[in-house]
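Here is my notebook from an afternoon of looking things up in one protein chain. Follow along and check each entry for yourself.

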Amino acid sequence: MPRPAALRPTLPVHGAAWRNASSALGRALLLAPLLALGVGLGPGLSAQVPVRDAAELEKQLDRLQTVGSVLYLAAHPDDENTAVLATLSKGRNLRTAYLAITRGGGGQNLIGPELGDGLAAIRTQELLAARRIDGAEQYFTSAVDFGFSKTAEESLRMWGHDRILAEVVRTIRTFRPDVILTRFPPDARAGHGHHAASALLAIEAFKAAADPDRFPEQIAAGLRPWQATRLLWNHYLFTDEAPAPPAGSLTLEVGAYDPLLGRSYGELAAESRSQHRSQGFGVLAQRGRRLETFERLEGRPATADLFEGIDLTWSRFRGTRGLATLLREAREGFRPEHPAGVLSPLIRARQALGALPAGTLAEPLVQAKAAELEDAIRAAAGLWVEAIADRQRLAPGDRLTVHAALLARGDGALALESLALESVRPEGSRVLESRREGAILPGNAPWKAAFSFAVPADTPLSQPHWLGGPGAEAWAGLPESPAPFRLRARLKTSDGSFEVTVPVQYRFRDPVLGERYQPLAVVPAALVTFADPVLAFETQAAKELRLQVLAGGAAATGRVRLRVPAGWAVDPSEQTFALAHAGEKKELSFRITPPASAASGALLAEVDLGAGFSGARGLVVVDHPHIPLQTLLPEARVRLERFDLKHDGRRIGYVMGAGDDIPQALRRIGYEVDLLTDEALAREDLARFDAIVLGIRAFNTRPALQTLKERLHAYVAAGGTELVLYTVNTGFPGINAAMVTEAIGPYPFKVGRKRVTVETVPVRLLKPDHPVFHWPNEIRAADFDGWVQERSLYHAEGWDARYTPLLGMADPGEAEDAGALIVARHGKGHYVYTGLSFFRQLPDGVPGATRLFANLLALGHAHD
């Protein structure tokens, strides 16, 4: 069954990202050496040139001896097995990567209200943080996470099977892994349609990547067919009671202790997995021996090891004997107290690598080793390089100053040959200013230089490429766009030259966290943000629409106007603004008059800065302390909704859980909403509220509710209405978010795992005469039209007879379930538990869902 509504409001628009994708990922992944040098991977990874401690450098020298690669493939952020990734990357010294089919924007968020694009940005950065710990690389396809799916068939249809298969094949042909691992089996055991679909794609792509007749446009663009040696399914090992793997399965020890790291790979894996904070996936470290098992799905059989029969040495590539000898010399000569002692063989190895035959140099694995070698050279030299901008946000045409600093803290003599400041663009870098230096870097004393320049007018904006921004083709498959500017330094020793490239970033002092780095954001000179993304009209009366014009750059003067659909009116037609400095804001208001009858549409803002009106962009800043600042520049628009809505009781108490935008959605339609702290719940007079709502996952995130629930139930018994939105009961202790108490209602029921994922399925009123369907709004079948991304999730089950189920629904082919909405009388009041996805519907202004929610809030005023 099609699910178009789910894609409308919250999910990324990839536009023409793959319209001409024949060489997109090929070009993008050939940037891997640049990425390893710090281009575009975020402050946590590339705030400066990394200076490793002696143990890390020794590990890096070990890694340079091994030449092999593995690609791990699954559906979402947090699906990857970090124990396997850490063991293969840090223990086996293999080039290891995780390919996530989606960015996870269709899931839930435990740390804030962001959904859709904002959540996808968070989860992308959480993956990068995880990779910085377990040592793997990160790639994506352009598939959109449209929410939970029960079948692989639906997932592949929604993603576009042929398009996503082509992207997986392109990744394989470009990365050229020796072994491919998949997290899930290709059937119902995967537990999620996306999971099973990822395995089916892996199986099909394993074969298709080796067939020159499949996706020949990739071959024409310069990629070569590639046959990985084998494809293996990494079995689940969530509990000690997991079933035994099939006979002949391979094993991998993932609990080994590494004395150079001072930790086991299991401990690394726990730290890596715990970066998925928006999913509540903080985990305890597992210490001691632990085996992961693997079942062959395709390819050459093996009896003892995942990489059986695969040459993992430099001898697999022609002309590398001398290079391998120099790398061994560096490893054998390494002394922790004198890392600069290996500079000579490392730099000579870099020269030898650059002299390899062209065919060998074109190998992605060799390019990755070149980046690792540059990293080792910088670490051995104790070299620090950074490029710091004088502001975090800027607009094309602004004047920007970049302060460069180089610091040689080792005892090897380094000369700075040249510096170049470059603009990074999808079509390639452009030198803005270069200098020949010839200076000897003083020992442990900063060498500084400054660049001041006008930001070119054609500098790409910082909209993520995966949202259809600049670089949608050139950087496709990469986790994020490179920084807009970078500094390239060429240095020389007596043995030869090498280069260091770092992104230009913004640095500031956080009074709590200390030194912090943030990525630069190039934004339009004028941005338009609305007070609310939805403007709802319950009657034909006009409403005020407030917006804010923000100077993205140094100054901005111009006009703003609003375009509305036919039948709607806006007054005035346009307004002027004059902003004198960066960050200055001006508030403007317009009067919007709706049509007489029900209608919906989009209002768009346009800005004229002197060259005519064009579509304006808004500014969304995703700011969480565990990830770099994320800047999104969505189209400046408001959803307009005209529908009949009645209230009865307007004073609402709201107990925020994991975070949602329902309070804001209620305020815009006339409710007074107080956000209630634990202290307010414990001490204040709750009788003043017509209803109290417990937001999504409140019983996962508010420990005080374990006892305060009794006060809420007393409020209900005295005549109040308590409305509990979905919570999560995983059934796996310590995984995701456990409930603070399972006794969340005045009478027993359990929170189950059932859900209805297709938001267009019919809904049956089980008790048509119940007040919920009549007061103060008459609920009809049409009120269940136009819902977005899922009907409901985490249904009630096993409820006490005193609860009344009100709605029946089911996904296609399944039996009807009645646990999406249950209501009980308790004393003089009403208790409601609902898994209906109100947290998506109300912020998006879905009329029918809003009317039903208003009725639930008014239960205390309805007549039975």
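**Entry 1**

I began with Y794, which sits in the loop between β37 and β38. I noted that helices (H or I, at least four residues) and strands (E, at least two) are DSSP runs, numbered from the N terminus. Residue numbers start from 1 along each chain as its sequence is written, and side-chain values use heavy atoms, with hydrogens and water left out. This is a predicted model, where local features need pLDDT of at least 70 and side-chain atom pairs count only at pLDDT 80 or more, while totals for chains, interfaces and linings use all residues.

I looked up the backbone of Y794 and found phi near 50°, a positive value in a residue other than glycine. Why did I write that down? Because most residues other than glycine have a negative phi. Is Y794 buried or exposed? Y794 is buried, at a relative accessible area of 6%. My cut-offs: buried is under 20% relative accessible area, exposed is over 50%, and partly exposed is in between (1.4 Å probe, protein chains only).

D78 also went on my list, with a positive phi near 85° in a residue that is not glycine. I found D78 in the loop between β1 (69-74) and α6. D78 is buried as well, with a relative accessible area of 9%.

**Entry 2: cis peptide bonds**

I went through the peptide bonds next, keeping in mind that most peptide bonds are trans. The bond from W775 to P776 is cis, with omega near -5°. P776 lies in the loop between β37 (764-765) and β38 (796-797). I also found a cis peptide bond joining D571 and P572, where omega is about 0°. P572 belongs to the loop between β24 (569-571) and β25 (574-579).

**Entry 3: salt bridges**

How many salt bridges are there? I wrote down the rule before the answer: a side-chain nitrogen of Lys or Arg must be within 4 Å of a carboxyl oxygen of Asp or Glu. By this rule the count is 59 salt bridges.

I looked at a few of them. E167 pairs with R163, and their closest N and O atoms are 3.6 Å apart. The two are separated by about one helical turn, because they are 4 residues apart in helix α9 (residues 161-175). E167 counts as buried at 1% relative accessibility, whereas R163 is partly exposed at 34%.

R563 and E606 form another salt bridge, with 2.8 Å between the closest N and O atoms. This pair links distant parts of the chain: R563 is in strand β23 (residues 556-563) and E606 is in strand β27 (residues 599-608), 43 residues apart. R563 is partly exposed, at 43% relative accessibility, and E606 is buried, at 10%.

I also noted R802 and D800, whose side chains meet in a salt bridge (2.9 Å, N to O). R802 is partly exposed, with a relative accessible area of 48%.

Which residues are linked in a network of salt bridges? I found E417, E422, R486, R488, R490 and E499 linked in this way.

**Entry 4: α5 against α16**

I turned to helix packing. Axes here are lines fitted to C-alpha atoms, for helices over the stretch in contact, and angles run from 0 to 180 degrees between N-to-C directions. Helix α5 (residues 54-63) packs with helix α16 (residues 364-381) at an angle of about 150°, their axes being 10 Å apart. That makes α5 roughly antiparallel to α16.

Which residues of α5 meet α16? They are L57, Q60 and R63, and they meet K369, E372, D375, A376, A379 and A380 of α16. Contact means heavy atoms within 4.5 Å.

**Entry 5: α6 against α12**

My last pair was helix α6 (residues 82-91) and helix α12 (residues 265-273), packed at about 125° with axes 8 Å apart. The two helices are therefore oblique to each other. On the α6 side I found T82, A83, A86, T87, K90 and G91 in the contact, and on the α12 side Y265, L268, A269, S272 and R273.

Terms used
Angles under 35 degrees count as roughly parallel, over 145 as roughly antiparallel, 65 to 115 as roughly perpendicular and the rest as oblique.
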